[in-house]
Amino acid sequence: MNHSVLMAIVILSPLVGFLINGFRYKKHSANVAGVIATLAVAISFISAVLLVTDLVGMAAESRRIAVTFFEWMAIDKFKVNAGFVVDQISAIMVLVITGVGTLIHLFSIGYMHHDKGAAKYFAYLNLFIFNMLLLVLGDSLLVMFVGWEGVGLCSYLLIGFWFTDAEKAAAGMKAFITNRVGDAAFLLGMFVLFMTFGTLNFHELNALAPTTVEASWMGAVTLGTLFLFIGATGKSAQIPLYVWLPDAMAGPTPVSALIHAATMVTAGVYMIVRLNPLFIVAPNTMMVIAVIGAATAVLAATIGMTQWDIKKVLAYSTVSQLGYMFLACGVGAFGAAMFHLMTHAFFKALMFLGSGSVIHAMHEEQDIRKMGGLKKYLPITHVTFFLGWLAIIGMPPFAGFFSKDEILAYSFFSPMGSPILWAAGALGATLTAFYMTRLMALTFWGKSRVPSHVHPHESPALMTIPLIVLAVLSVIGGWIGIPHVIGEHLGHIPNVWEHWLDPMITKIPNLGHFDASTEWVLMGCSVGLAVISASVAYQFYVKSPETPKKIAESIKPVYNLVYNKYFVDEAYFGGIINPLVNLGKNMWYYVDVNFIDKCTYWAGDLVRGMGSLGRSLQTGNMQQYAMYIGLGVVVVLSYVILG
């Protein structure tokens, strides 16, 4: 089929689904709305597969399907087309978004079947997919920004979907406002790059990227990429703009799986990989990205160790895993970042949907202290969640092992990396193994703490089928990127992932060959630490549940600090939000009420007084008017005669 037609179907099919469900938003049937929405995304997925199939058939160096529908704007030298591209990078994203998105839509039919606003929910979900496709398929930063803002709007609508609950509505607003801070920096980044290169088209920007490294902090490329990265910290929940993501768990659980696992939160990583020829020549920006990514990975992992809400644990895990992706970008391993983005989409979407299945079974209960022993009531959910757990803690041969190991290896060997960055990544992996095992133990294993009035049961097939598919992908999804050091011992298995992305990724300057012995040692360390950490967590939360309480009590100040998320929210309120609110109140009182309002009142009174004077002269009495005329004549004549 014609590429233009296929591209149009990929992008517009979810929009059609949005319009259909949008017009029937008051309908209560989740089945009809869900089928419409799921079909819309499934059609988009099939079209994407056809496009990517054609892409695979092209020569490696010329793999690029570009479609321009019309000229969007032309102002002097500034020209932007409504253009879209499928290449090696966007092909991965479009398959993940539409493929995983279809499964999440399917799961939602079962999860939202009781909700009266199901049609509206599915309309928002389709609109989100449409905007996400604009973001990843757009051929320029400006088209990407349209999708960037669109997914921000949809996240606000979906996170605050149950807006009659004040806490949930506030979570939606928090996500929206926090992202606007990052978006302002994104705009500045676009301005700097356009002023420097005269274009916002990705292909042209990458072609115009300097060939020499820019050492200055104030260089155009460094400034432009730094601003873009700040934008990415908002969308992808990195320090200091990560605070919205854990609160965003207020939305329906499939929303968490879609937005916070497979799509929106990875937009920042995708944007950096898309512009990797520019970022690689700005070492200062790269260093900032690597440090922020490593710090975020560790910080979020520590918080995840103390949370009791099943979705909050997964939320902090997402923040931490995104930190890994940025760490990879910062050391120049853009391919590894995309690899982890893909495998994370599989196992994190699986775990979010699995938590949805648990919450569904527990009658909306999310506190893992009130669970335990659920594996016998939810066998499919347990087995699939178990596979996701093995993938996220990096056990071989599950998907997360290969992608995480590649990031750690580059963090150590890359000239832009260091043993410190590797140690931070290994620490994050160790903490991940602990808190994810804690989550498994408190939810599925050990003694049941389920209240007597709750009778857990397995979810219907509409919800378990997506779990099974994602579980399979969580197991085998990493096999396309088996590192050379392992592949050589397994019959010279090629690293398909590396070959696929190779033409699109700029080589890391001065990168030598990985030392095989060192790589095995690093790999053994990360896996060994994860096994020990998981074993300790199992011992604590299954065999000896009193031990964690004693430890927490013995280090109470530290535990409270971590449990309260390092009081970052409080610091934001105390240092930024409350002063701004007070400033706004003072501006309203002193400037608006006591100055501007009073000025307008004074001006109004003056005009009204002058009007009253004029009105007093207009009595309709002809004799009075004649007297005024006579007085006027006398005054004029007196002036002429005497003057």
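I take a cavity to be, on a 1 Å grid over the protein atoms alone, a set of points where a 1.4 Å probe fits but cannot get out, and a pocket to be an open set with protein on both sides within 12 Å along at least five of seven lines; a lining residue has an atom within 4 Å of a point. I worked on a predicted model, in which local features need pLDDT of at least 70 and side-chain atom pairs count only at pLDDT 80 or more, while totals for chains, interfaces and linings use all residues. Residues are numbered from 1 along each chain as its sequence is written, and side-chain values use heavy atoms, with hydrogens and water left out.

**Entry 1: cavities**

I searched the whole structure and found 2 cavities of 30 Å³ or more. For volumes I used the space filled by probe spheres set on the grid points, which are joined across faces, edges and corners.

The largest cavity holds about 80 Å³ of space. I listed its lining as Ile393, Gly394, Phe401, Lys404, Asp405, Leu408, Ala429, Ser526, Val527 and Ala530. Helices here are DSSP runs (H or I, at least four residues), numbered from the N terminus. Helix H17 (399-413) and helix H22 (516-543) each supply at least two residues of this lining, and H17 gives the most, with 4 residues. To sort the residues I counted Ala, Val, Leu, Ile, Met, Phe, Trp, Tyr, Cys and Pro as nonpolar, Asp, Glu, Lys and Arg as charged, and the others, Gly among them, as polar. On that scheme the lining of the largest cavity has 6 nonpolar, 2 polar and 2 charged residues.

The second largest cavity holds about 60 Å³, and I found it lined by Lys174, Tyr242, Val243, Pro246, Asp247, Ile303, Tyr316, Lys565, Val568 and Asp569. Helix H9 (244-247) and helix H25 (568-617) each give at least two residues to this lining, which divides into 6 nonpolar, no polar and 4 charged.

**Entry 2: pockets**

I then turned to the open spaces, where the largest pocket has about 980 Å³ of space. Of the 35 residues that line this pocket, Ala170, Ala171, Lys174, Val243 and Asp247 are the closest to its centre. Lys174, Val243 and Asp247 are also among the residues I had noted for the second largest cavity. Helix H6 (166-197), helix H14 (310-330) and H25 each supply at least two lining residues to the largest pocket, with H6 giving the most, 9 residues. I noted the classes of this lining as 19 nonpolar, 5 polar and 11 charged.

The second largest pocket has a volume of about 780 Å³. Of its 29 lining residues, those closest to the centre are Tyr410, His484, Glu498, Leu511 and Phe514. Two or more residues come from each of helix H15 (334-361), H17, helix H20 (484-487), helix H21 (496-501) and H22. This lining divides into 14 nonpolar, 8 polar and 7 charged residues.

**Entry 3: packing of helix H3**

For helix pairs I took axes as lines fitted to C-alpha atoms over the stretch in contact, with angles running from 0 to 180 degrees between N-to-C directions. Helix H3 (residues 88-111) and helix H10 (residues 253-262) pack at an angle of about 170°, with their axes 9 Å apart. H3 and H10 are therefore roughly antiparallel to each other (angles under 35 degrees count as roughly parallel, over 145 as roughly antiparallel, 65 to 115 as roughly perpendicular and the rest as oblique). The contact (heavy atoms within 4.5 Å) is made by Val96, Ile97, Val100, Gly101, Ile104, Phe107, Ser108 and Tyr111 of H3 and by Thr253, Pro254, Ala257, Leu258 and Ala262 of H10. I sorted these residues into 10 nonpolar, 3 polar and no charged.

The axes of H3 and helix H11 (residues 267-274) come within 10 Å and cross at roughly 165°, and H3 and H11 are therefore roughly antiparallel to each other. Here Ile89, Ser90 and Met93 of H3 meet Tyr270, Val273 and Arg274 of H11, a contact of 4 nonpolar, 1 polar and 1 charged residues.

**Entry 4: backbone details**

I found a cis peptide bond between Ile239 and Pro240, with omega about 5°; Pro240 lies in the loop between helix H8 (220-235) and H9. Another cis peptide bond joins Pro396 and Pro397, with omega about 5°, and Pro397 lies in the loop between helix H16 (379-392) and H17. Lys565, in the loop between helix H24 (556-563) and H25, has a phi near 60°, a positive value in a residue other than glycine.
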